[in-house]
Amino acid sequence: MTRWWLTTVLCFTVLSLSAQTVSAVHPTFPRFPSVHDPRVIVGSRYKAVDEEIIEDETDASIKVTHMRVRSEIAMRYARTIIVCNLYNPSRHPEEVTFNLLLPDTAFISGFTMTLGEETYEAYVKETEEAKQIYNDAVAQDTSAAHIATDARESNHFTIKFNVEGRTNATYRLRYEELLVRRNGVYNHAINLHPGTLVPKMDVVVHIKESQKISVLRVPELRTGNEIDATEKDAQNPKAVIRRGKNAREATITFTPDLAEQRRLAEIYVEKRKQSLDPDSLNVGYDSSEEENDNEGLLGQFVVQYDVDQPKNGEILVNDGYFVHFFAPSSLPPLSKHVVFVLDTSGSMLGDKIEQLRKAMDAILSDLNPSDYFSIVEFNSFVKVHDLRDIDKSMPLPDALPSSTDIKVPPALASPENIALAKNIVTRLVAEEGTNIYEALDVAIKIVQNGDYPAALTDSANVSTVDYNNEANQSKYELEPIIIFLTDGEPTEGETITERIIINISERNSGAKRATLHSLAFGEDADRVFLRKLSLRNDGFMRHIYEAADAALQLHDFYREVSSPLLSNVRFQYPRQQIKEGSLSQSQFRTINDGSEVAVVGRIAERSKEITPLVLGLRAGSKGRGRKPYEVNSTVPVTQSKDDYLPLERLWAYLTIKQLLDRSEAGETSQSGSDDDNSEESPEKKALAIALKYSFVTPLTSLVVVRLNKTDVLDALDAETVDEPRFLRYMSEPLLLKEPTYTGASTGGELSVQSSAGPVLFVRATRRFTATIDSGNRITPLNIDC
């Protein structure tokens, strides 16, 4: 029997493809659609011919018979599996490609594929090791096409393989994530884009929490390109919600039939047309070509829920691990000083500057009466706007003055000042270059030199607080926040991003250290740089997508950080109760209203209880001044084990995430060594945990090599890749009898098609990013890895 090659591709990468390649792979696409084109290519790509001319089997393409999605959410930790069954009614093998979208915060933790009676499983290896396995198996590389839908805060995952004639195939993909609480709810999103109508589709989400589920909503399917749904959004009429008997459990079921899938596909496409920026669509795009390609584009199934939040937090213990959830409520927000650093360079011209004006108008209205704010505008130069004289905003020339020369004081968020600020915003004009360093340097000087009324000082309230010097910021009565928005890279002044990060982080220190949040507006902003800058300065980066709702995205982000309830929060655990080195991040600059922090760790073997102490600073009277905040808890440690509590995997997941953030921010090992190869470095620690728990991360990859038993002296399969026989294969490729490779790769390291069996290799990156140039060629851009 002729052996047909099998290809499996799982990719989170950027492809460099030509229009000719696409035409060869899928002749019905004479040109590339925009990256915003909401189509998923699925089904037959071509028909393999085995030494004979076969009859046309147009109607005998691959059929997707069943798609199942199962999510188990326990204590905010979601484990999701996608199972897809296919059948090839043709007498000949056919290739099929599926594009899946996974949450940006998720780690893949398993993948298997069953073809007929054979099952292939992918294993997690260190990326360099996976590359070596891959390179030894690949003899020749060619390009392969990948066109997928996009969705915000999602990773792209492509599965590509051949299905033998008149046989079934099944793939199973598993991923895990800790749900993040934003604006008072946890969001669990499942992207449903099978690419074709599916006769049987069912989604089941089961939630089991330790506290009462106080909020449970299932909004109508989203496009994946909208801001978070609220209680005002329409609910999904086809979702069935069953509450548990104890109010801590719920099951949501969604089973759209073919008619419902067609309806959702039509709504999806219409929403996408409304939400996209028309200028971003591909020139010459013909919507009539979509008629047969919109089927299967259902949207994003979202479950939103919240639980009763215990006043003093909640600690769960299971099998030697613990998680400490903490979401303060019933506290007045801290008064803050917000410095808005706004890019008005030439690239902001057009819709972007209009959206910025609209967003700032709404954000200024959200300031609390006890807040202060400053507006810094920058392009090639920097301006600090002075509300005292609206017609004479203070320009700063090339050579910035010393910090003592910045005389524009922060403005109180009074109705009069807000009205003046809105007037300034309406006059923002986009022009010239992008001087990022000087803009941020000025923002820090404004924070450091903040001149506030003496009435804000209330040192008597905090005279007893001592958090080891630097942590004690009690004499600074406003919480400083820098919100930095840019749509490009530095082109003026200091242009080396690493120097900007180092210098700004050094300047932003001491008692008036500000939290710095970066907003990357559009695809041209350097997200890797902005993410690292924010991580080094206690903040985070958010990508603002260049679409019709960009103003809403900006406002939605501001809502997340606009109400800090506690600052300088520290979780302390007695050393004898916790295993050394097992504790995750335990210090947080601020905790905002509607959010939640989680601390995880391993319990010492002889510990009978956990007695944590939570320390922080809360607002004084009317939000002014600072008062010490303290919470004591005692939780007994039992030896029982609850298999439903995934605390060990939650510990591994969160620890890896935070170690990767530390590594990306440029932190060294706890010993202070600058050696990235040190076993104590954040990267090495994250790698060890990822390998142990089989998580695909930027440091690890999935790989499987299954060689045909007739092609090697010894039978090998995916379970033996670590054994000496496999190593012998790697060092002695002549063991293969007449190996014939027809390689297919994307980015040079993704897949191989081989008569000797499948080779699978995948590495994790954050987001598919591509652009269309005038020659209809997809060119790679920076990836936020």
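## Ground rules

Since the model is predicted, local features need pLDDT of at least 70 and side-chain atom pairs count only at pLDDT 80 or more, while totals for chains, interfaces and linings use all residues. Residues are numbered from 1 along each chain as its sequence is written, and side-chain values use heavy atoms, with hydrogens and water left out.

## The chain overall

The chain has 12 helices and 37 strands. Both are DSSP runs numbered from the N terminus: H or I over at least four residues for helices, E over at least two for strands.

Of the 785 residues in the chain, 58% are buried. Buried means under 20% relative accessible area, exposed means over 50%, and partly exposed is in between, with a 1.4 Å probe and protein chains only.

## Two helix pairs

Take α4 (residues 351-365) and α5 (residues 415-426) to begin with: their axes come within 9 Å and cross at roughly 170°. The axes are lines fitted to C-alpha atoms, for helices over the stretch in contact, and angles run from 0 to 180 degrees between N-to-C directions. α4 and α5 are therefore roughly antiparallel to each other. The cut-offs are under 35 degrees for roughly parallel, over 145 for roughly antiparallel, 65 to 115 for roughly perpendicular, and oblique for the rest. On the α4 side you'll find Arg 357, Met 360, Asp 361, Leu 364 and Ser 365, meeting Ile 418, Ala 421, Lys 422, Val 425 and Thr 426 of α5. By class, that contact has five nonpolar, two polar and three charged residues. Here Ala, Val, Leu, Ile, Met, Phe, Trp, Tyr, Cys and Pro count as nonpolar, Asp, Glu, Lys and Arg as charged, and the others, Gly among them, as polar.

Then there's α7 (residues 497-507) with α8 (residues 527-535), whose axes come within 10 Å and cross at roughly 15°. That makes α7 and α8 roughly parallel to each other. Thr 497, Glu 498, Ile 500, Ile 501 and Ile 504 of α7 make the contact with Phe 529, Lys 532 and Leu 533 of α8. Sorted by class, the contact of α7 with α8 has five nonpolar, one polar and two charged residues.

## Aromatic pairs

The structure holds 14 aromatic pairs. Rings of Phe, Tyr and Trp (its six-membered ring) pair if their centres lie within 6.5 Å; planes under 30 degrees apart count as stacked, over 60 as edge-to-face and the rest as tilted. Phe 107 and Tyr 653 have ring centres 5.2 Å apart and planes at 55°, so the pair is tilted. This pair links distant parts of the chain, with Phe 107 in strand β4 (residues 107-115) and Tyr 653 in helix α10 (residues 647-664), 546 residues apart. Both Phe 107 and Tyr 653 are buried.

Phe 378 and Phe 484 are also tilted, because their ring centres sit 5.9 Å apart with the planes at 35°. Phe 378 is in strand β19 (residues 372-378) and Phe 484 in strand β23 (residues 479-486), so this pair ties together parts that are 106 residues apart in sequence. Phe 378 is buried, at 0% relative accessible area, and Phe 484 is buried, at 0% too. Back at Phe 107, one aromatic cluster is formed by Tyr 77, Phe 107, Tyr 653 and Phe 695.

## Positive phi

Most residues other than glycine have a negative phi. Arg 76 is not a glycine, yet has a positive phi of about 75°. Arg 76 lies in the loop between β1 (63-74) and β2 (77-87), and is buried with a relative accessible area of 1%.

Asp 319 has a positive phi of about 50°, again without being a glycine. The loop between β16 (314-318) and β17 (321-326) holds Asp 319, which counts as partly exposed at 35% relative accessibility.

## Two more spots to check

Gly 594 sits in the loop between β27 (587-592) and β28 (597-602) and is buried, at 9% relative accessible area. Not counting residues up to four places away in sequence, Gly 594 touches Arg 181, Arg 182, Asn 183 and Gly 184.

Glu 609 lies in strand β29 (residues 609-610) and is partly exposed, at 36% relative accessibility. Leaving aside neighbours within four places in sequence, Glu 609 is in contact with Gln 577, Thr 634, Val 635, Pro 636 and Val 637.

Technical notes
Contact = heavy atoms within 4.5 Å.
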